[in-house]
Amino acid sequence: MSKILVIAEHLDGKLNASTARAVSAAAAVKPDAIDVIVLSDAPDAVAAEAAKIDGVSKVLTVARAENAHALAAIYAPQVAKAAAGYSHVFAPSTTFGKDIAPRVAALLGVSQVSDVMTVEGAHSFKRPIYAGNAIVTVEVDGGSPVVATIRTASWPAAGSTGNAPVEALSLDVALPSHTRFVKLQQGKSDRPDLQGAGKVVSGGRGVGSKENFEVIYKFADKIGAAVGASRAAVDAGYVPNEMQVGQTGKIIAPELYIAVGISGAIQHLTGIKDAGTIVAINKDGEAPIFEIADIGLVGDLFKILPELEAALG
């Protein structure tokens, strides 16, 4: 019998959409049950959201003061304890999931499967390697629990018409004291979340400067899009690193992706392979980004973007 435990990602009392994508991957295994575990100091609001995800059998909550902040060192021992009786433990392949899943795997004495993009069977998965240029099939020992991170860009979010029961879980587990929360530094924005946005506008080194990036923000606001950036733009100091899209940044799958002044390095293309429609704007007609773009505009971005804005009214 297979039972899957999905670790809920949340922040400020709101469930991250990546959790529903991890549930979709769990459903592909065709398990007997899919449970979601919410660790927090006040898990009720997040648990209520998780209970609505289609396919979820029940939501387990672990309320402890130590769970006020998502520290992997604190969460992992609790998840490992709760995982008793489960055949699989899934987490989204986000910064959160990549932080906690390896620790859970180590505590359970198994190897982690990373970036699952396709489920071939209960113990067989496909994942990308070499910056997405090759896909490998990973076979896992059927006698051991499977701990895996789910490549969220490869899975649709499960629906939200469910009504799963919520159950409080009490875990007798000692928590380490060597890790403590100091503060969370993150950019504040009214724009859509980059990881889950349907439309994304990204700028690259071709934008030229931090000040020039305002043209990207302005156009993104015009069409209601999230804003991203290439690694080159981040390294140049144009934008903070949480906006980076690519192999070493965020892997995204928006319906519309507009790359402005981005040449198209392999590591960036890895992050947008699953986008629906890709539009490239670059003055270099030979830029690699045009090889994967559905629509290409060759020219000065500082002329093209205002013209597009005007056309949109």
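In what order do the five strands of the open sheet lie, and is the pairing parallel or antiparallel? In this predicted model, the order is E14-E13-E15-E16-E17 and the pairing is parallel. Local features need pLDDT of at least 70 and side-chain atom pairs count only at pLDDT 80 or more, whereas totals for chains, interfaces and linings use all residues of the predicted model. Residues are numbered from 1 along each chain as its sequence is written, and side-chain values use heavy atoms, with hydrogens and water left out.

**The five-stranded sheet**

Strands (E, at least two residues) and helices (H or I, at least four) are DSSP runs numbered from the N terminus; two strands pair if DSSP finds at least two bridges between them. Strands E14 (226–229) and E17 (295–298) are the edges, each pairing on one side only. On average, neighbouring strands of this sheet are turned by 15° against each other, direction ignored. Strand E13 (residues 199–203) runs parallel to E14 and is joined to E14 by four bridges; Gly203 has Ala229 in E14 as its bridge partner.

Contact means heavy atoms within 4.5 Å; axes are lines fitted to C-alpha atoms, for helices over the stretch in contact, and angles run from 0 to 180 degrees between N-to-C directions.

| Helix | Strands touched | Angle between directions |
|---|---|---|
| H5 (residues 214–223) | E13, E14 and E15 (256–260) | about 170° with E13 |
| H9 (residues 301–312) | E15, E16 (277–282) and E17 | about 130° with E16 |

**The three-stranded sheet**

Another open sheet has three strands in the order E8-E9-E10, with antiparallel pairing. Strands E8 (118–121) and E10 (134–139) are at its edges and have a single partner strand each, so one side of each is left without a neighbour in the sheet. From one strand to the next, the twist averages 35°. Six bridges pair E9 with E10 in the antiparallel sense, and Ile129 has Ala134 in E10 as its bridge partner.

**The second largest pocket**

A pocket is an open set of points on a 1 Å grid over the protein atoms alone where a 1.4 Å probe fits, with protein on both sides within 12 Å along at least five of seven lines; lining residues have an atom within 4 Å of a point. The second largest pocket has a volume of about 190 Å³, the volume being the space filled by probe spheres set on the points. It is lined by 14 residues, of which Asp115, Pro128, Gln247, Ile251 and Thr270 are the closest to its centre. Strand E9 (residues 124–129) gives the largest share of the lining, three residues.
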